[in-house]
Amino acid sequence: MFLSHNKLILSVASICIASTLNLAGCGGGGSSVNTDDGNSPGETVKDTTPNTFSFTAQTNVTLNSQIESDTITISGIDAPTNVTITGGEYSINNGNYTNAAGQIENGQTIKIRIQSAADFLTQSSATVSIGGVSKTFVVTTLAESIVDDGVVQVDVNLNTKHVIDGIDTLDRQKYINIHAYNLENGWGQNDVHSLNAPNELGDNLMLDFMQGYDVYFGRDTGSIGWNLRNVSQDAARPGFVDESSASQRAGDVKWIYDNNTSVKYENARKVEDRMQDMIVGGQQHPYWPEGTLINPVNGDPAWAFSQSDTAAEPFGTATGHYMSQYLSKFFAQNDSDMGQQKPVYFEVMNEPLYDLTTDREGDADYVEPLKVFKFHNTVAAEIRKDPKNDDIMIGGYTVAFPDFDKDNFKRWEERDKLFIDTAGENMDFISIHLYDFPTFQNSERYRRGSNLEATLDMLEHYTYLKFGQVKPILISEVGSSVHARLNEDWTPQRDAEKVLSITTMNTQFLERPNNILKVIPFIPVKAEWGRRTVNGKSIAYSSRLMVQKKERDGSDDDTWVYSDHVKFYQLWSDVNGTRVDSYSNEVDVLTDSYVEGNKAYIVLTNLEFEDVEVKLNTLGVEGNTLNAISYKELSYTDAFETQLIENTLTEIPEKITLPAEATTIVTLEYADNINIAESNTEKRYYATTYHQAINANQAINFEFKDVTVNDHGEAVLRLGIGRDHGKSLTPVVNVNGTSVSVPTDVKGYDQKQGKTQTGRPNFFGVIEIPVSYDLLQANNTVSVEFSDAGGYVSSAVMQVFTTSVELNRN
């Protein structure tokens with residue numbers, strides 16, 4: 001390994017022999033080459049520096065035990081070299097262990113022995129130095145099997161406000177939504193798509209649902225297309241809508257909205273308060289300019305958007321021109337204007353690469369992602385030409401499958417990062433869809449858990465580095481795609497997968513109120529637009545708020561009734577208020593809590609595939625009498641159907657059973673209003689670098705700057721990791737030179753194995769590492785070192801909680 005050193009000395013000697021004119025300058029006056037390596041003058045230099053070596057870190061080791069390292073063979077030296085050790089003992093060629101200085105020769109073996117810690121999840125290490133090369137052997141003790149005989153401890157400090165970047169209340173308008181709008185035909189019983197079948201709740205379905213469960217409207221991607229068919233092409237500018245025609249149509253639409261006296265419009269106007277931050281957007285067709293025909297309903301000839309791509313008319317100009325006309329003319333522009341309330345968010349296109357790129361791979365009509373991303377820029381520029389649209393936030397690219405780690409992060413580089421680099425400056429938000437895939441190609445690929453955390457952390461981290469602040473995220477679809485039941489009639493088992501996925505991920509989204517703009521569970525009303533014919537049989541769409549009674553009981557009754565999706569809204573119907581501090585000592589049990597007056601709502605979600613026991617500790621309400629206790633539990637039945645259990649209790653039980661994959665919301669009602677006197681302020685800091693390749697035994701250093709610390713607090717280092725299964729997920733981590741213990745568990749499943757089938761092709765998730773608050777300073781260095789190579793550390797985030805007092809953590 002170090003032949004270059006010898007070659008350098010020999011080469012200098014050769015020059016001196018050849019240069020008789022300058023022998024003295026080369027030490028030629030009879031003296032030999034001067035070395036300081038212990039070799040005698042004139043002797044060949046001995047190599048006592050070994051080739052690189054390492055000891056594999058061990059995790060989950062038993063407490064207070066002697067742990068041996070793997071055995072390595074020393075190579076690359078041609079003379080005995082010195083060995084020293086700190087923190088343990090070593091053995092050469094399986095001889096006796098010693099901690100005294102010694103020597104080792106080429107070809108001999110060495111191993112290390114150290115004493116593991118007496119505490120759970122604690123690291124111990126020993127460092128051996130051989131010929132000046134030092135390597136550390138690290139062992140981490142096992143995690144406590146969940147404290148108190150397998151019971152998870154959840155502490156809720158009801159008197160302590162939890163503030164995340166200035167946000168301290170639950171915004172139901174952000175989280176409790178339906179993928180629908182107030183004029184959707186599916187709400188009424190005279191819906192031609194449902195063959196005029198009645199609703200169980202009659203004409204009041206929309207009012208009862210939206211107001212009764214405190215739900216908000218989310219997204220409309222259909223109205224823009226229907227109105228396009230009601231405007232004309234510009235005769236003087238083929239491929240563009242006629243602006244006067246758009247104005248005429250818009251005026252009619254707005255007048256009808258304000259003046260139509262049908263039940264549909266009367267009810268729509270009654271729930272306008274639930275449409276204050278709607279999302280509107282387009283699909284691929286006919287908006288992607290490739291000749292897709294627009295068939296006007298007024299009998300005009302069919303036409304298509306212009307496909308020109310010039311400096312004066314970049315590709316997509318005609319599409320953007322219509323979208324600008326739609327946003328500026330078809331909605332009320334102020335409180336005194338007629339018409340439906342204006343949307344807040346506009347998505348340029350829904351899941352464009354799924355159709356234009358992925359499905360067309362190898363075909364002549366394949367579209368490069370870069371072209372789609374430039375199209376986003378053009379559309380955004382056209383929309384913003386009209387000052388009436390200045391209050392619209394524009395975003396994309398509404399990715400269907402944000403699998404950043406696919407092909408060792410090639411997907412991130414070639415699509416998601418490329419979009420941010422190409423169009424991110426012109427986007428007000430990044431729009432994504434997040435789905436679980438519980439039955440996909442004989443595997444279970446869950447987004448919920450650590451994978452969701454890694455996806456959002458990487459997106460946040462990169463946009464922070466790119467723009468100096470996190471680009472807001474809009475999650476316009478969240479749910480579950482149950483491929484094994486895709487072409488089946490309605491089943492409660494399929495609903496169960498979807499509802500529990502939505503509920504679980506919603507609990508995770510609650511932890512990011514500062515960076516998430518809105519979350520839309522993908523639950524349309526009746527979705528008759530998605531009905532298909534499969535092998536001659538009519539199959540209804542799989543995700544729906546309403547199903548027909550005959551689908552449930554096998555009768556001939558066409559009446560529309562609720563599907564099990566309604567249980568998501570029933571579970572969350574009461575939760576509101578100020579967020580307060582809550583803490584779980586188990587990463588697979590999520591908790592979030594809110595206080596409203598004299599009531600507290602405590603959310604508990606189980607990411608495990610098995611039941612867990614929870615001990616709930618409510619703190620900070622001393623002297624305030626607890627008058628009533630109730631709970632709602634959303635879980636599976638033995639038949640794998642969704643069930644919502646509601647119950648009242650006389651006291652908080654010693655243990656609460658939280659079923660597998662379930663969410664339970666406990667409501668506590670006190671005699672007096674709960675006094676919130678303390679605070680826990682959370683802020684996330686992003687390292688100055690991200691997406692770092694993992695090389696064996698090579699430290700990756702992350703810098704966290706301008707961190708604010710106070711007298712009391714807590715911290716968690718979040719490392720996003722993408723690696724093949726079987727690679728280490730427990731690196732050696734040092735914070736400002738101090739080693740910290742790395743847990744062996746991650747949120748949710750391990751991504752390698754699901755409930756019954758294999759998991760994802762590789763691991764992509766976040767490991768959450770507690771960091772002692774007193775280790776933090778204004779500027780921090782974190783080193784991360786793995787014992788094996790491959791994959792990336794995708795993101796590094798320091799989550800810092802600064803508290804007004806020391807919080808109790810059982």
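Glu89 counts as partly exposed, at 23% relative accessibility (buried means under 20% relative accessible area, exposed over 50%, and partly exposed in between, with a 1.4 Å probe and protein chains only). This is a predicted model, in which local features need pLDDT of at least 70 and side-chain atom pairs count only at pLDDT 80 or more, while totals for chains, interfaces and linings use all residues. Residues are numbered from 1 along each chain as its sequence is written, and side-chain values use heavy atoms, with hydrogens and water left out.

So who does Glu89 pair with? Arg113 forms a salt bridge with Glu89, and their closest N and O atoms are 2.8 Å apart. (A salt bridge is a side-chain nitrogen of Lys or Arg within 4 Å of a carboxyl oxygen of Asp or Glu.) Because Arg113 lies in strand β7 (residues 109-115) and Glu89 in strand β5 (residues 89-92), the pair ties together parts that are 24 residues apart in sequence. Helices (H or I, at least four residues) and strands (E, at least two) are DSSP runs, numbered from the N terminus.

Searching the whole structure turns up 44 salt bridges. Another of them links Lys342 with Asp391, with the closest N and O atoms 3.1 Å apart. Lys342 sits in the loop between α8 (317-329) and β15 (345-347), and Asp391 in the loop between α10 (369-384) and β16 (393-399), so this pair ties together parts 49 residues apart in sequence. Lys342 is buried, with a relative accessible area of 9%, whereas Asp391 is partly exposed at 47%.

Then there's Asp558 with Lys550, whose closest N and O atoms are 2.7 Å apart. Asp558 is partly exposed at 33%, and Lys550 is partly exposed at 34%. Elsewhere, salt bridges that share partners join Glu453, Asp457, Glu460, Arg512, Glu682, Arg684, Arg718, Lys747 and Glu768 into one network.

## Helix α10

Back to α10: it has 16 residues and reaches 23 Å from its first C-alpha to its last, close to the 22 Å expected at 1.5 Å a residue (the expected span is 1.5 Å times one less than the number of residues). Its buried residues include Phe373, Phe375, Val379 and Ile383. What covers the buried residues of α10? Among the covering elements are α8, β15, α9 (352-356), β16 and α11 (406-423).

## Where α6 meets α8

Helix α6 (residues 243-259) packs against α8 at an angle of about 35°, with the axes 10 Å apart. Axes here are lines fitted to C-alpha atoms, for helices over the stretch in contact, and angles run from 0 to 180 degrees between N-to-C directions. On the α6 side you'll find Glu243, Ala246, Ser247, Ala250 and Lys254, which meet His321, Gln325 and Lys329 in α8 (contact means heavy atoms within 4.5 Å).

## Two loop residues

Gly131 is in the loop between β8 (123-130) and β9 (133-141). Not counting residues up to four places away in sequence, Gly131 touches Thr48, Thr49, Pro50, Thr81 and Asn82. The C-alpha atoms of Gly131 and Asn60, 71 residues apart along the chain, are separated by 31 Å.

Ser542 lies in the loop between β21 (537-539) and β22 (546-548). Is Ser542 buried or exposed? With a relative accessible area of 13%, Ser542 is buried. Leaving aside neighbours within four places in sequence, Ser542 is in contact with Arg494, Asp495, Lys498 and His565.
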